[in-house]
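Subject: Model for your files, with notes

Hello,

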Amino acid sequence: MCHIPFLPLQRLTASYGSELTEAVQRVVQSGYYLNGEALAEFEQQFAHYVQAPHCVGVASGLDALMLSLMAMKQCYDWSDGDEVIVPDMTFVATALAVVRAGLVPVSADVDDNGLLTPEAAQRVLSARTRAVVPVHLYGHPAPMPAFMAWAEAHGLLVLEDAAQAHGASVGGRPVGSWGHMAAFSFYPGKNLGALGDGGAVTTAHPQLAEHVRILANYGARQKYKHEYPGINSRLDEVQAAVLSVKLRRLDADNARRRQVAAWYAQGLDRSMYRLPYGGDVTQSVFHLYPLRTSQRDALQRYLAEHCIDTLIHYPRTLRQQPALSASLRTPQPCQQAQCWAEHELSLPIHPLLTLSEVQHICEVMNAFG
Ligand SMILES: *Cc1c(COP(=O)(O)O)cnc(C)c1O
């Protein structure tokens, strides 16, 4: 069998036929490239999809996280140096957003699913803690009912990092509707991806939504009256139009990702590999298929020799990132996060992966060692 790429973006884009190019063409011909009808339409559709009353399109997932924290900080009068709890195993943006908002990220350990839990967050709670950021890592939703109850008991706000989990839900309620705010990324490789950068904030709180809009618009509510030192962060019309087309297929795409995960769970030798979620495929939307093995690096080389692309999410914990060494507070050891960094390997998973490709990957993997 020939080369199996990690994510064939060109083929995925082509699978929409002329729908995407027609959407782009409509924007090109409209004369409106920012803050137009395509954005308003997508914001409304995505808010409806997430079951959140408000959605604000922004320029990236990092901005969605940062602007959410800046809005919380302003609306609730937090001070510079107040603390926000983040998982030690996540993409670096989760913590960088906290730093950029003038707050201090505090790392807590993750569990057997790679996720932050209220129990781990409790162990790093301090008098300066203001918020917690559960990350729905790999597409698996964090335990949101428990997080909301715990946060309420301690007077904290909850910001969901839903950058990897578009379409996931907990007890029938979508991620992005649980926290006080939620941040999404539309980076091309995400389950809902644009043809460039993009992001969105969802929230049930009109005041927080309004603050994100103002902060993303140079801190101005009305033209040329700048109330806050804001930034420029926009989801442009081309990306918004593309995302509206792709949103229609998101549930079907996520169902296919789950099918691929079920094939892996059937085909892989469980005495050799620790499968994500013990082989359960009902909770995650499988942005990634993160398995664990003590032979991770040798396995990755072996698969590359057999023309199967894999990636590691992520090879370093937050505390191992030089960029965060001066800013991240690490009151507790994070052994589980360290285990994920040493043992995790992500196999190809996407809506176009076929049964025969997955069977081939499983055969090659079961013959390893
Ligand atoms: C992708 C991602 C982000 C950042 O999104 P960008 O659009 O690349 O800025 C943040 N958090 C997590 C968990 C992500 O996977």
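Helices (H or I, at least four residues) and strands (E, at least two) are DSSP runs, numbered from the N terminus. Strand β9, residues 199–203, contains Thr-203. This is a predicted model, in which local features need pLDDT of at least 70 and side-chain atom pairs count only at pLDDT 80 or more, while totals for chains, interfaces and linings use all residues. Residues are numbered from 1 along each chain as its sequence is written, and side-chain values use heavy atoms, with hydrogens and water left out.

Thr-203 counts as buried because its relative accessibility is 2% (buried means under 20% relative accessible area, exposed over 50%, partly exposed in between, with a 1.4 Å probe and protein chains only). A polar atom of the Thr-203 side chain lies 2.6 Å from the backbone oxygen of His-180. The Thr-203 side chain also reaches the backbone nitrogen of His-205, at 3.0 Å. Both are listed as polar contacts (pairs of N or O atoms within 3.5 Å; within protein, one must be able to donate a hydrogen and the other to accept it, and residues adjacent in sequence count only if both atoms are side-chain atoms).

His-136 is in the loop between β4 (129–132) and α7 (144–153). With a relative accessible area of 0%, His-136 is buried. Its side chain makes a polar contact of 2.8 Å with the side chain of Glu-160.

A ligand oxygen is 2.8 Å from a polar backbone atom of Gly-61. An N or O atom in the Gln-164 side chain is 2.8 Å from an oxygen of the ligand, and a polar side-chain atom of Lys-190 lies 3.1 Å from a ligand oxygen. Taken alone the ligand exposes 390 Å², and the protein buries 91% of that (Shrake-Rupley method, 1.4 Å probe).

Regards
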